[in-house]
There are 2 protein chains.
Amino acid sequence: MLRPLRRPQVVIVGAGFGGLQAAKALASTPVNIVLVDTHNHHCFQPLLYQVATAALSPADVAWPIRAIVRAQKNVRVIMAQVTGVDVQARRVHTSEIDLPYDYLVLATGSTHSYFGHDDWAPFAPGLKHIADATEIRRRFLLAFERAEVVEDEAERTRLLTFVIVGGGATGVEMAGAIAEVARRTLRHDFRRIDPRKSRIILLEAGPRLLPSFPEHLSDYATRSLQSMGVQVELNRTVTGCDAQGVSLGGDRIEAATVVWAAGVVASPAAQWIGAEHDRAGRVKVNADLSVAGRPEIFAVGDTATIADRDGKPVPGIAPAAKQMGTYAGKVIAARVLGQTAPPPFAYRHLGELATIGRKSAVVKLGFFQLTGFLGWLFWSAIHIYFLIGLRNRFVVAVNWLWSYMTFQRGARLIGIAPGSLRSPSPPLRRGG
Amino acid sequence: MLRPLRRPQVVIVGAGFGGLQAAKALASTPVNIVLVDTHNHHCFQPLLYQVATAALSPADVAWPIRAIVRAQKNVRVIMAQVTGVDVQARRVHTSEIDLPYDYLVLATGSTHSYFGHDDWAPFAPGLKHIADATEIRRRFLLAFERAEVVEDEAERTRLLTFVIVGGGATGVEMAGAIAEVARRTLRHDFRRIDPRKSRIILLEAGPRLLPSFPEHLSDYATRSLQSMGVQVELNRTVTGCDAQGVSLGGDRIEAATVVWAAGVVASPAAQWIGAEHDRAGRVKVNADLSVAGRPEIFAVGDTATIADRDGKPVPGIAPAAKQMGTYAGKVIAARVLGQTAPPPFAYRHLGELATIGRKSAVVKLGFFQLTGFLGWLFWSAIHIYFLIGLRNRFVVAVNWLWSYMTFQRGARLIGIAPGSLRSPSPPLRRGG
């Protein structure tokens, strides 16, 4: 087919870590890029748990996509929901307009998976975007408010029980932060209840926390959480979730607040293009991240599954998504410019970090490992560095310093739904 | 009646400026205070328009009530909605529990009034609390997003038309801030539309803006807004509001975003106690701010109506609410301690301020008047000073400085409703 005398059209779906890097890699290539996202902002997911636990405001971990790509004149940003892809006609259908493409990059990310129990979702929200974080914050803070007024002892205990399902980085970070808020931040704020008596339970189905870390760091994380008053329960599988709590086989935990940090499933991108995918819905991609039989379509980040040089799957973390986004952009650039294709995608594993409360973290970067306060300092520096935009870095640093010195949290807001806008005293929305 | 051998119970409904001051005035009095609010946070309303226009985050202008009164051990905070008052039994009914009282302070504030047209509310939200501000922010930012993708010329014009109804301080501040965002912040962020071509229309029913200011300051505000590209329309009365725009008698403005800043009505507190009230629902109070025939019930701030020494009604602004709250607290303290009652309430008018965009303001404090940049500096200093809590002052100052230097705004988030939590790509919610 002769290439028409116009700039090739590149549609990138999703402005997460992968999509933004793909756009950036094409900055000096003569293409027209359309970057589509359902949100107007890029969300810095690694810090989302800090919004959920009232340490940071949503705007501290989110940045308008338009502002990020403002200077890149070959990018047009569209806020729309993708409804499907016509792979024959090479068009992306969205809620707003149709977008023709010559190259398509699918960078739609993942959401939390309830392993076939989607009915648990209302009782155990996960943590993937800003709205999830503010909803968890609302439930978590409201539980203390209700415990303060309720007369029934059992109900008060249930309100002061917080269950986090899943012992990966998000679960460990949530458990540590919730323990800290209960034991320190809220300590003197109630008259009838003692927030320090809250039960914070971290459930992990496997034999240890942070399974991707070396075993001694898992043990360190368990001990650190226990010293903060978190009850760590290993080898425990949730078999039911309802408005009153969670079931574990024959056991039962009555809890008003349950947070889901147990599993992820890819977005429906594989279905849009009818591509082969794994059990988690991730598109199987070739060594150049293109989709089998569709060399013009690429999948990156959590949308794709590919093995690294050791045959292990590339992990679903931000650095991997960024590397894949950059690589897909380079492949497209090479094709557009008629240059040699880059060598097959090779994932470079930089390491992993997880923080445990306000003074401890576990860090593993190759042979380099850190724990405790030094780990926490390293973790803070890395995260502030990667936050997009000078001002966010500065505001986040100020907020952390302030929280660290005073034990206070700056964003303790219980949101009221916009639906109740006009009422001078909207009814209390109940958590759980 | 013999006073029982227990501490008198003081119930304060509302933790706005009036309610918080009443609690503070009773800090060293041997009473048990219950402070009830539907929200868990005190909202600094004078800066709410900055949240609505994406300059500040909700947490920058809101502060947990519990944190504010933490050190005052005679205060118990309850998050609940008041549903009524039994004045005979002296009990406040709430959504959570009943609260007996010996003294009751009603500090429930006001909400926006549509002058009998409550059906306009969904199309023209007002600005009284955090949820209002984030809803207006969502509509306002979403209008630009939709304008970028829409094909129809008339619809694009409608999406880029912003109407602010009401030329008081809030209306003037909103109009200035919206003009600034459209003309400066978003200037380079779109590819198909030019946000600078947005129409921002400020409608005022009376003959001049800021009617409580001296006339030359009103004129100054009009000229300043006009130089920023705001179309100021005086003597224009809105006769209809719908999903497409506003009607003004025979005239019509097609606009996707309408903000209501035209009038206020008191909360239903007067109905709870069956008290005499004015047309705006404000309780008529005695010279000691108590309710006629109910010496144990006080109404303060926007909940009350009373004349100042010149016979003019005390204005519904924060300093007035604070003075009334403090006064009511002192009256209660005197009665509890068996001391002489303080002299009748006398309002001290300190002055008024309104800002116009990022470099101008009008200030009137007695004979002292300021306009332009000096006015803006004064306005900023005053507002940062009054923000509760050291950290809020600092973060707000940082945000302002950053906005001022870069024209950027830190909180450009379009919220997605918690209801759409689980979907990896929630449907676009349409504004207007």
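Domain bounds here come from an automatic or database domain assignment. The model is predicted: local features need pLDDT of at least 70, side-chain atom pairs count only at pLDDT 80 or more, and totals for chains, interfaces and linings use all residues. Residues are numbered from 1 along each chain as its sequence is written, while chains are lettered from A and ligands numbered from 1 in the order in which they are written.

**View 1. Two domains of chain A.** The assignment gives domain 1 (9-112 + 264-337) and domain 2 (118-262) of chain A. Their centres, taken over C-alpha atoms, are separated by 32 Å. Domain 1 of chain A brings 14 residues to the contact, and domain 2 of chain A brings 18. Two residues are in contact if their C-beta atoms, placed from the backbone, lie within 7 Å. On the side of domain 1 of chain A that touches domain 2 of chain A, helix 2 (48-52) and strand 10 (110-112) each supply at least two residues. Helix 2 of chain A gives the largest share of that side, five residues. By class, the side of domain 1 of chain A that touches domain 2 of chain A holds 10 nonpolar, four polar and no charged residues. Ala, Val, Leu, Ile, Met, Phe, Trp, Tyr, Cys and Pro count as nonpolar, Asp, Glu, Lys and Arg as charged, and the others, Gly among them, as polar.

**View 2. Chain A as a whole.** Chain A has 11 helices and 25 strands. Helices (H or I, at least four residues) and strands (E, at least two) are DSSP runs, numbered from the N terminus. The C-alpha atoms of chain A fill a box of roughly 75 × 55 × 45 Å along the principal axes. Of the 432 residues in chain A, 54% are buried. A residue is buried if 20 or more other C-beta atoms lie within 10 Å of its own, exposed if 12 or fewer, and partly exposed in between, with C-beta atoms placed from the backbone. Among contacts in chain A with a separation of 6 or more, 64% join residues 24 or more positions apart.

View 3. In chain A, helix 6 (residues 169-185) has 17 residues and reaches 22 Å from its first C-alpha to its last, close to the 24 Å expected. The expected span is 1.5 Å times one less than the number of residues. This helix of chain A is mostly covered, with 16 of its 17 residues buried. Helix 6 of chain B is largely enclosed by the rest of the structure, because 16 of its 17 residues are buried.

**View 4. Val105 in the nonpolar core.** The largest nonpolar core has 286 residues, and A:Val105 and B:Val105 touch the most other members. Such a core is a set of buried Ala, Val, Leu, Ile, Met, Phe, Trp, Tyr and Cys residues joined through C-beta atoms within 7 Å. Leaving aside neighbours within four places in sequence, the contacts of B:Val105 include B:Val10, B:Ile12, B:Phe298 and B:Ala328.

View 5. A:Val363 is found in strand 24 (residues 361-365) of chain A. With 23 C-beta neighbours inside 10 Å, A:Val363 is buried. Beyond four places in sequence, its contacts include A:Leu353, A:Phe378 and A:Trp379. A:Leu350 sits in the loop between helix 9 (318-337) and strand 23 (352-355) of chain A. A:Leu350 is partly exposed, with 14 other C-beta atoms within 10 Å. Not counting residues up to four places away in sequence, A:Leu350 touches A:Pro319 and A:Leu365.

**View 6. Positive phi in two loops of chain B.** Most residues other than glycine have a negative phi. B:Phe115, not a glycine, has a positive phi of about 50 degrees. B:Phe115 lies in the loop between strand 10 (110-112) and helix 4 (130-149) of chain B. With 12 other C-beta atoms within 10 Å, B:Phe115 is exposed. B:Leu210 has a positive phi of about 40 degrees. The loop holding B:Leu210 runs between strand 12 (199-203) and helix 7 (215-227) of chain B. B:Leu210 counts as buried, with 25 C-beta neighbours inside 10 Å.
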